[in-house]
Every structure is written in structure tokens, then in C-alpha cells.
Amino acid sequence: MSFSRRRFIKSAAMVAGAMVGPWSLAGREARAAVGAAKTLSILTRSEYNYINAMAREIIPDEPVLNGQVDVAGNIDRFFAMDNSSPDFLVMLRFLRLIRMADPVLPLLRRTSPFIHEDVISFKRTICFLGYYSDANGEAEISPAERVVWPRIGYGGPKDDDWWPPDQEVQLDPDALTDRIKEEGA
Amino acid sequence: MIYSYDDIKAGEVVGPVDVCVIGSGAGGSVMAHYLSKAGLKVVVLEKGAHYPSEELGKREVRQLTRIQAMTIFTPVTGEHTRVSLIAGECYGGGTVGSESVTWDFPQIVLEDWNKLGLTSFSPDNPRLEEYRLELRKLLNVHPVEPLHHNPCNQILKIGAEREGIKWKSVERPVSYCMRCGNCTQGCHYGVKNDSANTFLAWAGERGADAYCGASVEKIAINYYGPDDHPYSEKLKFLQGASRTDTLRELENGKKGWPSKFTVTALVTDRKSPPPRKGAPDSRSITVHSDQVALAAGPLGTSRLLLKSKINPNQVVGKRFTTHPTSFNVARFGRSARLNGWDGINDTIEVHHFSDMYRNEDYFNPDRHGFLLEGALSLPWGVSNLLPGTGKEHVALMRDMNHMAGIEVNVKTDSYGRVTEKDVRFDLSERDNEAMLYGTWVAARIFFRAGAREIFTGLPGLVLRSPADLDKIFKYKRGGKKGFMQKQANLYSGHIFGGAVMGVDPKTSFADETGECHHIKGLWVSDGSAFPTNVGVNCCLSIMFAARKIADDFIAKT
């Protein structure tokens, strides 16, 4: 018998529901994000809180921890303004299931490590979307105002008046050690 | 003219026209151009939106989700495989968001197709060479200049040279590339010769109309002709009066219909955010057409045929295949500033182990048959490629500018199936071996160029020294070897099959001209028609096949 990712997650959620009780899980409140008073367009308040709580675990970078970057808010804005991909709407459906599976994640890690990995993979994807990708809104602001991209050395999209250099930076092969030659393999 | 949601009335009727082309990517655009050029009235229906170049580029996820139909969260699955597919879904299809790596249709694959009985695809057919040269000229295909390889691609070149294996500067259909590094979001500068800028624009000049945001719901066959199944079979055995009666019956069947085919589509505003629940507002459009050319990609074409109940001999959706790809990322020392997001993304490919060298002495069919592509990605892509969560992951991302990537792109020998709801596909044992060997070669190349650490496509496997290389072949998790596990997160932008060409109507949808065996006037002109995959980046291969199909269409019509 084979399982698609969706079926994996559904089964995880059902296990969670059976063990903890679906209504108590559905009503579980995630920790509120710092400065979480904004108006939401797509996410529910509860989803918003949950994503920001998740982001603190997945990306414990200073701007996330101190609320300078609102990961869930970025996702909400992205979905409200831009996205036209049905695949990304599936992501929102998964979010509900993942949330139900959350209390039993430690158990899943031991009993079904692959399902656990899928859940973590999903959490990573959605948190990274709201933090590292252009859904973070940093393409729309000046480089001086950006928070996330300078931390990873990403220069952002090219300015309108940008012109390419005559050539790309050329690496010096002598500066790159041949580790196969040196260490053997 | 290009029409979108705001330009049409609900219930609009178009035609009758000579040809309705469904899909505007590599296959559909070429058909639209050459059929328009032949004087036929063409209407193109495209599911995605039209984005002029000034609306493209610069935004990693925003553009990716606008111009591509992804299956990140709904991947192709099998018993032990999961592949996320990326297919174009905008005016110009996959050519718009393609990395623009261009390979000619491999000669060795032409030989394969010839052996399958598709003799007009024989390398001996002189027309094919004319098509190849013509397309290259029209698209201005030329190799990337040596000084235009970004440092990430130079790593692949340096490593491959030290390893003593063949590499090449890729060819691209771009005029005066700005090297901004955002090819996969469409070309903001309009210099990529994608289908929107070329074939579709030329078709438009000759009177072809395109409707964007038009999701085709159904192809209806209004009547049958004497060459259509089952009448073609019946007529073989009929003589005299009964033959005349049958022919008259078929002729009478045409009465009252404006054309043989009616294509119905729902047009939505693809530039507006879709509602979270329910379907977006749509306007229906009906196209009456004498002939239909399917070019909605292997998933779209197969599903449309299945939805329209056009499935002779139950062949539709079968022989789906792809180029499953895994990604390896290497971290280099702080002195190597690579800025993998800057410059053209994929400019060097190691083709030493490619299927095109199948006849070389060194080629081992049990583990070769893959391409290595030098590439990295933008921040969201890189973050997903790197392992872990928490502080460890945050620290890795800080080193993004000291990382390079190599994709291992395997020419699978496995086939899956497209259904209306999902796609089933599994790697074969041989594919797994090829992917493992490809990963090993990629890792050697990285170490040859001084990599400190390699995050392989195998979940959790990090190599820190050349002594770790053997771990690739020993990799096993939960009793599953190598990549034969769903958590390996394979992906592919190259997909084929589902309505393939072949000699036998019992096992193939179309003949070697691309026309359906059973229903005349219904054509397949994209990757769906490919009976095998091609083993190389496939835009030009699809255009090449469509170019031939367009000529066959004109000759037959």
C-alpha cells in the first residue's frame, strides 16, 4: 500500500485526533506573535498565531524572535495580493492538518519517523516562504530598510537602472584546493 | 489579439475556426505560428495569464506561482517515489520560466524513435535537420560566453576538468542577456526568446487569437467522418449500398454542426488572487473548430482527454515519464564568495555520463544516463534545499553566498500514469543507481573544487571529506536504498508522455504525424506525444517535434 504526502498527513492528523480528541486540538491556541494586532485577509487569527509560533521554532533568528519580521503576516499578505497557484492553496489546507498533528509530533518521531519528517518539511516550507522569500516584502523596500536579506548576504532583485558587468567574477582555480588529490578517495 | 477575462463576455462563441490549439507553450506556440503562416485561422486557449515582460522577473515566489503550475504540495507519487513537478502555466508556457538551457533533440533518441516505428523521425530524414537549423536561427540559440559563467557554475567547470570528464557551456535562446539571475521568473527585460516573444507574437501578427486564463473543460466531437474509428474499420468491410448508406449517414451527421469539434473553456482572471474556498468567478467561452491541436503539457493534455471521455483503447495517461532530479549543495570556505543567486543560473552542464554517449566504451547503462547541471537558487529555494531547522539552519543560511549547487538530472527508464486525480510514478532500480552514481560524481566534483561540506539529495546525508563518498552507495534508511524513498524530495521540470505517438493504435494515441489514430483532426503536439523521454532539457526538443507535426498537419489537411 502506498501513501501520498497528503495521505501521510491525513493519517497523522487522524492519529492525533484519536489520541487527544479532535475538538480539544482544534480549539488549541498557539502562542500569540509579538505585535499580532494586524488585520488579516486570508489567514484566520488562529492560523496566524500558529504560523508565528512555528516560525520561532523553525527560524529562531533574531528578527523572528523579537517580532521585527512578522512571518505569518507576510504569508497572509502574499496570499491576499499575489498568489494564483492552486498548489499553494493546498498548503493552507495542509496547515490545518499539521496543526492537529502537532501535539503528537514527539510520538510520531518515534513511531512514524517518515511522517514526522514530512510534517517538519511542511513547516519549513511555509516558514521559509514568509521569511526568506520575496513574500517577505523586502523587494518592495529600499536595501537600507531590509532586515532578512542582508543577514544572508542576498542583494535582492536588480534595480531598474542595473546594467550587467562585462564579465562575472572569475574564480582563481589555484585558490580552490583539490581535496580528492590531497586527501585521496 | 490576446484576450483575457476582462475582454470577453460570458457565453462568448468563437469560430468556426480552422484550428484550436490548447496550450501555448513550446508545442502549442510552434503549432500556432506555423499553422497561421500556412493561412489557417488559429485560436489558442491558454490556462495561465499573459504577463508582458515588464511584469516578469525579479520576484522568486511571486512569479514562480504566477507563471508555473507546481505540484510542491501535491507531488507525483508511487510506492517509493515522490517527484514535485514544475510545468509552465502562462502565455508562453514553460518557455517563459525556463532556465533557457537549450539542447538539440538528441540524435540517439531519434534513432530510438525510429526503432519504435516512427520512421519519419529517423535521423536520415533530411527535413529534421532543416527544422533543427531553422528553430535555432529563429530563437538565436548560442552558447554562453566563457566569461559569463557565474562563480557557482565555474565550480562545476573547475571540478569537472580536474575529474577529467566532459562539460559544456550551455546554449540559450537569448539575445543580449542581462544576466540578472531571474530567468525562472520570466525575463523582465524581454530578451529571452521564449514562446510569448517569438512564435506566439508571430502567430498574432498573422491573425491568431489567444485567450488567456482559459481552462478547457471539454473537447466535444460533434460528428465522425469515414476515417474515424469505428467507421474506418466498418467501411473496410462494407461494399455497395451498405457502404453508400454508411457514408451518407456520416455526411448527414455533420448537418447542423458548425465544425467537427467544440471546445468549451472557463475563463478566469488569473491575475487576481483566487478565493480560499470555492471556484473563482469565470466566464465560459465556446470555440468551434475543424481541428484541435492538444499542447497542454503531459498532465493537462492527458487530463483533458480523460475529462472529455476521449480515450481510445484506454491509452491516455499511460507512458508518463520525466527526468527526476535531485539537488546537491556544497558549502565552501569563507574565502570563496560564490553568490549563487547572481548571474545566469545554469550555464554549465556535465554531459559526460549523458545518454547521448550511450555508444561510448566507458558508458555503463546500469548507472549512467544523467546530466549534471550547475545551479543554485534564490533564498527560498536555497533554504528548502538545506537541511534542518532551528539555529543550525539559520547558521547555514548565513553561508548562502559560499555555496554552490549541482542538480543530478536522470533520464529515467521508468513509466508512470496520469489519471484525472493524480499521477503515479516510481523510480526504477536502475534510475536509483544512476541517481546515486550521479550524486557521487557531483560530490567528487565539489571536493575537486575544495568543498568543505556537501549536503546531498539523500535525506540527512552530509559528506565532510572525500573519505565519506562511499556513504552514498551504502545509504539506506528504513530498509529503503538510496533515492527510493519519498523523503528524497525529487523534482522535475521536464515531463513527457500520456498521449504518445506510436505505430500501434492499441498502445499509442497518435500516429507519427501527431494525429490521433482514431479521431482525425485531433492532434497532439507537445511533450505528451513523446514515446520516450529525451534525457536533456526539453524546450527545443518539444518545439522540434511540434515543428515537424505542424508540417505534417499542413501536408495532411
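Start with B:Arg319, which counts as buried because it has 26 C-beta neighbours inside 10 Å. Buried here means that 20 or more other C-beta atoms lie within 10 Å of a residue's own, exposed means 12 or fewer, and partly exposed is in between, with C-beta atoms placed from the backbone. You'll find B:Arg319 in strand S14 of chain B. Its phi is near 60°, a positive value in a residue other than glycine. Most residues other than glycine have a negative phi, and most peptide bonds are trans.

Before going on, bear in mind that this is a predicted model, where local features need pLDDT of at least 70, side-chain atom pairs count only at pLDDT 80 or more, and totals for chains, interfaces and linings use all residues. Residues are numbered from 1 along each chain as its sequence is written, while chains are lettered from A and ligands numbered from 1 in the order in which they are written.

Now compare B:Gln314, whose phi is near 55°, again positive without being a glycine. B:Gln314 sits in the loop between helix H10 (297–307) and strand S14 (318–322) of chain B. Helices (H or I, at least four residues) and strands (E, at least two) are DSSP runs, numbered from the N terminus. Is B:Gln314 buried or exposed? It counts as exposed, because it has 8 C-beta neighbours inside 10 Å.

Chain B has some cis peptide bonds to look at, too. One runs from B:Gly15 to B:Pro16, with omega near 10°, and B:Pro16 is part of strand S2. Another joins B:His229 and B:Pro230, with omega about 5°; B:Pro230 lies in the loop between strand S11 (214–221) and helix H8 (231–237) of chain B.

Stay with strand S2 (residues 12–22) of chain B for a moment: S2 and S3(B) pair in the parallel sense over four bridges. Strands pair if DSSP finds at least two bridges between them. Across this pairing, B:Val21 stands opposite B:Val44 in S3(B). Strand S3 (residues 42–46) of chain B is mostly covered, with five of its five residues buried. B:Val42, B:Val44 and B:Glu46 point one way, B:Val43 and B:Leu45 point the other way, and all are buried.

What about helices packing together? In chain B, helix H6 (residues 151–163) and helix H13 (residues 429–448) pack at an angle of about 100°, with axes 8 Å apart. The two are therefore roughly perpendicular, a label that covers angles of 65 to 115 degrees. Among the residues that meet here are B:Leu156 in H6(B) and B:Phe446 in H13(B).

Chain A has 10 helices and zero strands. Of its 185 residues, 38% count as buried. The contact between the chains takes 57 residues from chain A and 60 residues from chain B, where two residues are in contact if their C-beta atoms, placed from the backbone, lie within 7 Å. Helices giving two or more residues to chain A's side include H3 (45–58) and H8 (113–131).

How far can you trust chain A? Its pLDDT, the predictor's confidence in each residue from 0 to 100, averages 82, and 77% of the residues score at least 70. Over residues 16–35 of chain A, though, pLDDT stays under 50. Where pLDDT is low, the predicted coordinates should not be read in detail.

Terms used:
Axes fitted to C-alpha atoms, helices over the stretch in contact; angles between N-to-C directions. Parallel < 35°, antiparallel > 145°, perpendicular 65-115°, else oblique.
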